[in-house]
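The text below goes through it part by part.

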Amino acid sequence: MKTGIIGLPQVGKTSLFKILTKARIEDRGYSNPREAHLGMAKVPDERLDKLSDLYQPKKTIYATVEYTDVAALSQEALKETGFLANLRNVDALIHVVRAFEDDSIPHEKGSLDPLRDIRNVDFDLILSDLGQVEKRMERVAKDLKKGRTSELEQESALLVRCKEMLEQEKPLRELEMTAAEKKLIRGFMFLSQKPILYVLNISESESLGADLEAAVAKYNLTEVATRPNAGATAICGKVEAELADMPEDEAADFLGSYGLTESGLHRLIRKSYELLGLISFFTVGEDENRAWTVPFNSRAQEAAGAIHSDLEKHFIRAETIHWDTLLEAGSEAAARATGKLRLEGKDYLVQDGDVMHIRHSG
């Protein structure tokens, strides 16, 4: 699952990407809008850490999220085929929004106004989708004249709804669609249909912990953040950059001096994971403890397939226990003795935080 990082120029977007993914990329602009930086970030997970304290495995493997950092967003860039291709290929968007004061870095619009910047970028994405919808509608109209099929008629009706939504300057992520309708237009990879996380990049301050908590409300983002398939959080890029270079024990003290218990990046990675509709289940043992990523509402047999296709094919049962129940029991043997370890069939819906052993034939 890929998350694209977008934003206007000089908002701290590429710096954030570098801190997130530890990618070694030069501090230079993009020579052309077709460029994109790719990198992976570990999803921090306290549950997995606690399970590793219990099992003391040789390896602990965290879930990951892939991030794509594209050139600064503009109407011109959105006309570039390469730029569009980079953006269309992601599953969700992180829009980094400038909320920090710095006279040495002029704001493109001349003043700080996160809500205005969000509306402008959303409008550009909507406009790009509208052009695509209109083009496709012309094509479908021609095809319908040649011969009517129920699929063409369904697509035509759905495109009309999409066009109406976009003409009201509303993104397609807010349009209610059935699973069949989503499948019908999946191939278009509409930009405004992608779930979005707005990330405010705020100034450093002595009361940073409180400022991060208050930022979404302070900049009037509560309303946009509570819309369908959207969310918002805040980070301080300057502090995150300093944190990124510190050993873990120093980082904890440094965070504490700001009244913080975890870095903004950890929160951001978790939020992007949630935004993608993903959950984690765990496999544990002496060799490795590992977090596996599956979509919300995955069945046990599908979860087995995330580990290996053979496990899905030869699935019999999943021995299952929630991570905190296992910790309370102190060991699998104790959990089994008290009947807390359950046997689940292939249609069991995996819960976030389940610990699973897959029983299989062959």
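Gln 56 sits in the loop between helix H2 and strand S3 (59–61). In this predicted model, Gln 56 has a positive phi of about 50 degrees, although it is not a glycine. Gln 56 counts as exposed because its relative accessible area is 60%, and the cut-off for exposed is over 50%.

Met 189 also belongs to a loop, the one between H6 and S6. Met 189 is not a glycine, and its phi is positive, at about 50 degrees. With a relative accessibility of 33%, Met 189 is partly exposed.

Ala 251, Phe 254 and Leu 255 are its buried residues. They cover an arc of only 100 degrees around the axis, so they are on the same side of H10. The spacing follows a simple rule. An α-helix has 3.6 residues a turn, so residues three or four places apart point the same way. On the other side of H10, Asp 249, Asp 253 and Ser 257 are exposed. What do the buried residues of H10 pack against? They pack against H9.

In H9, the buried residues are Gly 237, Val 239, Glu 240 and Leu 243. Seen down the axis of H9, these residues fall within an arc of 160 degrees, and therefore they line one face of the helix. That face packs against several elements: H1, strand S6 (196–202), helix H7 (208–218), strand S7 (230–235), H10 and H11.

The largest nonpolar core has 79 residues. Tyr 67, Leu 87, Leu 200, Ile 202 and Leu 268 are the residues with the most contacts inside this core. Leaving aside neighbours within four places in sequence, Ile 202 is in contact with Ala 99, Phe 100, Leu 208, Asp 211, Leu 212, Ala 215, Ala 234, Ile 235, Cys 236 and Gly 237.

Is Asp 122 buried or exposed? Asp 122 is buried, because its relative accessible area is 8%, and buried means under 20%. Asp 122 is placed in helix H4 (residues 114–146). Leaving aside neighbours within four places in sequence, the contacts of Asp 122 are Arg 173, Ile 196 and Tyr 198.

The largest pocket has a volume of about 1,200 Å³. It is lined by 37 residues, and the closest to its centre are Lys 42, Pro 44, Asp 45, Ser 263 and His 266. The elements that give two or more residues to this lining are helix H1 (13–21), strand S2 (36–42), helix H2 (46–55), helix H9 (237–244), helix H10 (248–257), helix H11 (264–275) and strand S8 (278–283). Which element gives the largest share of the lining of the largest pocket? H11 does, with 6 residues. By type, the lining of the largest pocket divides into 19 nonpolar, 6 polar and 12 charged residues.

The second largest pocket has a volume of about 860 Å³. Its lining consists of 25 residues, and Asp 91, Lys 182, Arg 186, Gln 193 and Pro 195 lie nearest its centre. Helix H6 (residues 179–185) gives the most to this lining, with 3 residues. The lining of the second largest pocket is made up of 13 nonpolar, 4 polar and 8 charged residues.

Lys 182, one of the residues nearest the centre of the second largest pocket, is in helix H6. At 43% relative accessibility, Lys 182 counts as partly exposed. Not counting residues up to four places away in sequence, Lys 182 touches Met 177 and Gln 193. Gln 193 is likewise among the residues that lie nearest the centre of this pocket. Lys 182 and Leu 158 are 24 residues apart in sequence, and their C-alpha atoms are 9.6 Å apart in space.

Notes:
Residues are numbered from 1 along each chain as its sequence is written. This is a predicted model: local features need pLDDT of at least 70, side-chain atom pairs count only at pLDDT 80 or more; totals for chains, interfaces and linings use all residues. Side-chain values use heavy atoms; hydrogens and water are left out. Helices (H or I, at least four residues) and strands (E, at least two) are DSSP runs, numbered from the N terminus. Buried means under 20% relative accessible area, exposed over 50%, partly exposed in between (1.4 Å probe, protein chains only). Contact means heavy atoms within 4.5 Å. A nonpolar core is a set of buried Ala, Val, Leu, Ile, Met, Phe, Trp, Tyr and Cys residues joined through side-chain atoms within 4.5 Å. On a 1 Å grid over the protein atoms alone, a cavity is a set of points where a 1.4 Å probe fits but cannot get out, and a pocket is an open set with protein on both sides within 12 Å along at least five of seven lines; lining residues have an atom within 4 Å of a point. Grid points are joined across faces, edges and corners, and a volume is the space filled by probe spheres set on the points. Ala, Val, Leu, Ile, Met, Phe, Trp, Tyr, Cys and Pro count as nonpolar, Asp, Glu, Lys and Arg as charged, and the others, Gly among them, as polar. The arc is that of the directions from the helix axis to the C-beta atoms.
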